[in-house]
Amino acid sequence: MPTTSLLIKNIHTLVLMDAQNQVLRGAYLYAENGEIRRVGSGTARLPKAGRVIDGRHFIALPGLVNTHHHLYQTLTRAYAPAADAKLFDWLRTLYPIWARLDEECAEVAALAGMAELLLSGCTTTSDHHYLFPRGRGHLIDAQIAAARRIGIRFHPTRGSMSVGPRQGGLPPDSVVQGEDQILQDCERLIGKYHDAAPGSMLRVALAPCSPFSVSPELMRASADLARRHGVRLHTHLAETRDEDAYCLSRFGKRPLDLLEEVGWLCGDTWLAHGIHFNRGEVNRLGRAGVGIAHCPSSNMRLGSGIAPVPALRRAGCPVGLGVDGSASNDSSHMLAEARQALLLQRVRYGAGALSVADALRMATVEGARCLGRDDIGSLEPGKRADVAMFDLRGAGYSGAGDAVSALLLCAPAQVDTLLVEGRVVVEGGALQTISLESILRRHRKLAAKLQSEPRSRC
């Protein structure tokens, strides 16, 4: 296979996100076959490359990493009956609509959400798909097809719900599955798609949805299956006070105690939300190396609370960022999410609680750690060439004294140029891999039908 090479030269500001938090001025980055080979600054002689990008007006940083999403929910953004609800009521309102999803809905919703992520500077996204209406079991396959088409690095998680109202759970029976069926499909997806190699564009994880929608037996079986195949584990935990009350009433223990009992309190686990942990629980999570996907916009939108991010990070948890579902955010803009995280922690804990550099590390290298990746998240030789470049000439950055601070303190911008695995996926602010206009036409049509015809499939 011929070598493909790329050089970004004269970069105004290059944010490495390495262990030293180095920021280089007048810098360059050289990559071959999707791998970074050299970074530096000054008057060094630059290597020749098949593709050269002039970065003189840009700040470049590692591609952002989204650690929690529900891509199918882009079809129910700003759904009026759920606009002012808290989590349990919000779910009860939307479950009947989501019960009509099919493979076309899953693929088009994923393309729309992934496009929004890419245009915000995100190069790697996870997705937690846990809802499988009867007779439509290949929704994650449809998402994977979308990821390959659009060119994003993808970590789909095979979610599941097995406990409906008759067993004391929250989701309706129309969207829960038998546990044997769930485990068989988990094994199928791992065998068909999971790629553990360095630079992998696709890794699968297992993700029973939540304590109020799956049984402890399924949690244990999922952990056993994941460890047999060397894949990671993901679930929602400690998102609301209602969840605390449910676990105490049904299991006689708090959510984290339940998690430990089923064998999940380990370094191969990352949790979505993690708001309602006490001090002792934070320390237990840190000792175990459990990752946290912090979702500030969704947590505020649903009134769920504020995660104790500084304490979790001090305890040793990798804390990444997640945009969460686009029916509870309702946006998939990762740079905006990093800004939101910065501001929310300062509201709760003071101006010194989280620095711009801290928030950017959460959006890059700590998010990569949550996903079990050591080959992305920073711009260093040997890492993958996932690079987000923002144009400093925009009106929103005019007058900014420091380019790095401007990324989060100024209005969140769209990315100008985005590389995934050394491939230019966004250029001049436009997607290069799909016709976004045609996708969004299909997306709007499906969303309108899904929301306005409750008795028909989309």
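**Entry 1: helix 2 and helix 15**

I looked up the handedness of this pair and found that helix 2 passes helix 15 in a left-handed crossing. I note that the model is a predicted one. Helix 2 covers residues 103-119 and helix 15 covers residues 436-452. I read that their axes come within 9 Å and cross at roughly 130 degrees. That angle makes helix 2 oblique to helix 15.

I then listed the residues in the contact. Helix 2 supplies Glu104, Cys105, Val108, Ala109, Leu111, Ala112, Ala115 and Leu119. From helix 15 I have Leu436, Ile439, Leu440, Arg442, His443 and Leu446. Sorted by class, the contact of helix 2 with helix 15 holds eleven nonpolar residues, one polar and two charged.

**Entry 2: Ala448**

I looked up Ala448, which lies in helix 15. Ala448 is partly exposed, at a relative accessible area of 45%.

**Entry 3: helix 4 and helix 5**

Next I took helix 4 (residues 179-193) with helix 5 (residues 216-229). Their axes come within 11 Å, crossing at roughly 20 degrees. Helix 4 is therefore roughly parallel to helix 5, since angles under 35 degrees are classed that way. I recorded the crossing of helix 4 past helix 5 as right-handed.

The contact residues I noted on helix 4 are Glu179, Ile182, Leu183, Cys186, Glu187 and Ile190. On helix 5 they are Glu217, Leu218, Ala221, Ser222, Leu225, Arg228 and His229. By class, I have seven nonpolar, two polar and four charged residues in the contact of helix 4 with helix 5.

**Entry 4: cysteines**

How many disulfides does the structure hold? I found zero.

Are Cys122 and Cys295 buried or exposed? Cys122 has 0% relative accessibility and counts as buried. Cys295 is buried too, with a relative accessible area of 0%.

Notes. Residues numbered from 1 in each chain as written. Predicted model: local features only at pLDDT ≥ 70, side-chain atom pairs only at ≥ 80, totals over all residues. Heavy atoms only, no water. Axes fitted to C-alpha atoms, helices over the stretch in contact; angles between N-to-C directions. Helix = DSSP H or I, 4+ residues; strand = E, 2+ residues; numbered from the N terminus. Parallel < 35°, antiparallel > 145°, perpendicular 65-115°, else oblique. Left-handed = near helix turned anticlockwise from the far one by under 90°. Contact = heavy atoms within 4.5 Å. Nonpolar A, V, L, I, M, F, W, Y, C, P; charged D, E, K, R; others polar. Disulfide = S-S within 2.5 Å. Buried < 20%, exposed > 50% of the residue type's maximum accessible area, 1.4 Å probe, protein only.
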